[in-house]
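Hi everyone, thanks for coming.

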Amino acid sequence: MPVDFLSDDQVSRFGRFAAVPSPGDLEQFFRLDERALALACAKRAPANRLEWARGVPD
């Protein structure tokens, strides 16, 4: 990934957590809520699984 537009400080922090995330923070970020889970279940066709994984539509 190009990082030419970032400062040296930003490059050194790129892709890292600012602090150690708590288990609750990780759970909130990586688990699907009921709405997202329902959307995922509706998209379980082989032709669209990978495309949908790129982002949950609004």
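Let's begin with Glu27, which is partly exposed at 44% relative accessibility. The terms work like this: buried is under 20% relative accessible area, exposed is over 50%, and partly exposed lies in between, using a 1.4 Å probe and protein chains only.

Before going on, a word on the source: this is a predicted model, where local features need pLDDT of at least 70, side-chain atom pairs count only at pLDDT 80 or more, and totals for chains, interfaces and linings use all residues. Residues are numbered from 1 along each chain as its sequence is written, and side-chain values use heavy atoms, with hydrogens and water left out.

Which side chain does Glu27 meet in a salt bridge? The partner is Arg31, at 3.9 Å from N to O. A salt bridge here means a side-chain nitrogen of Lys or Arg within 4 Å of a carboxyl oxygen of Asp or Glu. Arg31 is exposed, at 59% relative accessible area.

The structure holds two salt bridges. Another pair is Arg13 and Asp9, at 3.1 Å from N to O. Why are those two about one helical turn apart? Because they sit four residues apart in helix H1, residues 8-13. Helices are DSSP runs of H or I with at least four residues, numbered from the N terminus. Asp9 is partly exposed, at 46% relative accessibility.

Phe29 is exposed, with a relative accessible area of 64%.
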